[in-house]
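The sequence and structure are shown below.

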Amino acid sequence: MNCRECKEHLYEYLDRELTPAVEQDIRQHLEECPPCGEHFDFEKLFLDFLKARCRAQGASPDLKRRIFNELFGA
Amino acid sequence: MTPPIPPTPAPSPAAEAEKRASFEREALVHLDSLYRVAVRLTGNAAEADDLVQETMLKAYRAWHQFQQGTNAKGWLLTILRHAFINEYRRRTRHPETVDIDAIEPFSVFEEVQDDDPQGTFFDRIVDDEVLRAIDQLPEQFRETVVLSDVEGLSYEEIARIQEVPVGTVKSRLFRARRQLQQKLYDYAVGMGYIKGSPK
């Protein structure tokens, strides 16, 4: 696998959407090619960052109470 | 002569209790996820609360149609999405979005690989700024990013919810992520978190 092919699968690899065989080819390329390795690490970090920044929010206790009351009575 | 149809018997208290228990166990645990998707779709907290409440009411009424053991989160998100499209989309006023087709898929990594290949500048960007950047994406892209990157759904699950091919999910994700990176990079440059020139 060359760098271009590897990068084409960038997000599918990080999202765990590839077959084990292709995943293995990519893993091997990343071990042998530091620039691609660095790029993938950067993108992985970005996705982790997005997730961390967005998951702080959730339904408020008030909304949870409202739904419980509506569904099951007070 | 056909015999009269007997009235549907009211569910026994035991059946009601079982319904409630399984709904709490499998559906109500996803309230936070539903809220996070709803608030990005509607663009405001009050509408998001109403949308989530309505989704849960519809889901509870239709709970007998849910196949136990399948993906409850995906099922609930599908109900939420339909409710949003049918009843909320017209009346919510979402902030103006960018024209994503006009954007070059820009790789921030190429810009920062010499100065900050580990992307430490991201650490300094606060939650609100990230949410603001997501809110500027067009609706379908925004929804795809939230379902994937925040809620962790697979391409297949997202494709089912959005009723599009898996390839569409992939391309939306690619473009949305690149757009977000560019936006947040420009912000970081503007704030002096990293050297460089905003595009």
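## Helix H7 of chain B

H7(B) is 12 residues long and covers 15 Å between its first and last C-alpha, close to the 16 Å expected at 1.5 Å a residue. The model is a predicted one, and in it this helix is mostly covered, with 10 of its 12 residues buried. The buried residues run through Phe141(B), Arg142(B), Glu143(B), Thr144(B), Val145(B), Val146(B), Leu147(B), Ser148(B), Asp149(B) and Val150(B). Charged side chains are therefore included in this set, given that Asp, Glu and Arg are classed as charged.

What lies over these buried residues? The cover includes helix H4 (34–54) of chain A, and from chain B it includes H2, H6, helix H8 (155–162) and H9. After the helix comes Gly152(B), which has a positive phi, near 70°.

## Ser148 of chain B

Ser148(B) belongs to helix H7 of chain B. Is Ser148(B) buried or exposed? Ser148(B) counts as buried because it has 25 C-beta neighbours inside 10 Å, and the cut-off for burial is 20 or more.

Leaving out residues up to four places away in sequence, Ser148(B) touches Asp15(A), Leu153(B), Ile158(B) and Leu173(B). One of these partners, Asp15(A), belongs to chain A. Val169(B) is 21 residues from Ser148(B) along the chain, and the two C-alpha atoms are separated by 9.4 Å.

## The nonpolar cores

The largest nonpolar core has 53 residues, and those touching the most other members are Leu34(B), Tyr35(B), Val37(B), Ala38(B), Val52(B), Leu76(B) and Leu80(B). Helix H4 (residues 72–88) of chain B provides the largest share of this core, eight residues. A second, separate core of five residues includes Cys6(A), Ile26(A), Cys36(A) and Phe40(A).

Which residues does Val37(B) contact beyond its neighbours within four places in sequence? They are Leu77(B), Leu80(B), Val146(B), Leu147(B) and Glu151(B). Among them, Val146(B) and Leu147(B) are also buried residues of H7(B).

## The contact between the chains

The contact is made by 27 residues from chain A and 29 residues from chain B. On the chain B side, at least two residues each are supplied by helix H2 (31–42), helix H3 (45–61), helix H6 (127–135), helix H7 (139–150) and helix H9 (166–190). H3(B) gives the most to this side, with six residues. Sorted by class, the side of chain B that touches chain A holds 16 nonpolar, seven polar and six charged residues.

The predictor assigns the complex an ipTM of 0.90 and a pTM of 0.87.

## Chain B as a whole

Chain B has nine helices and zero strands. Of its 199 residues, 34% count as buried. Among the contacts in chain B between residues at least 6 apart in sequence, 71% join residues at least 24 apart. The average pLDDT of chain B is 88, and 89% of the residues score at least 70.

Glu111(B) sits in helix H5 (residues 108–112) of chain B. Why is Glu111(B) partly exposed? Glu111(B) counts as partly exposed because it has 19 C-beta neighbours inside 10 Å, while a buried residue needs 20 or more. Not counting residues up to four places away in sequence, Glu111(B) touches Tyr185(B) and Gly196(B).

## Chain A as a whole

Chain A contains five helices and zero strands. Of the 74 residues of chain A, 19% count as buried.

How does chain A stand against a compact globule of 74 residues? Such a globule would have a radius of gyration near 11 Å, but chain A has 20 Å. The C-alpha trace of chain A spans about 60 × 25 × 15 Å along its principal axes.

Key: Residues numbered from 1 in each chain as written. Chains lettered and ligands numbered in written order. Predicted model: local features only at pLDDT ≥ 70, side-chain atom pairs only at ≥ 80, totals over all residues. Contact = placed C-beta atoms within 7 Å. Helix = DSSP H or I, 4+ residues; strand = E, 2+ residues; numbered from the N terminus. pLDDT = per-residue confidence, 0-100. Core = buried A, V, L, I, M, F, W, Y, C linked by C-beta atoms within 7 Å. Rg over C-alpha atoms; globule rule 2.2 N^0.38 Å. Expected span 1.5 Å × (residues − 1).
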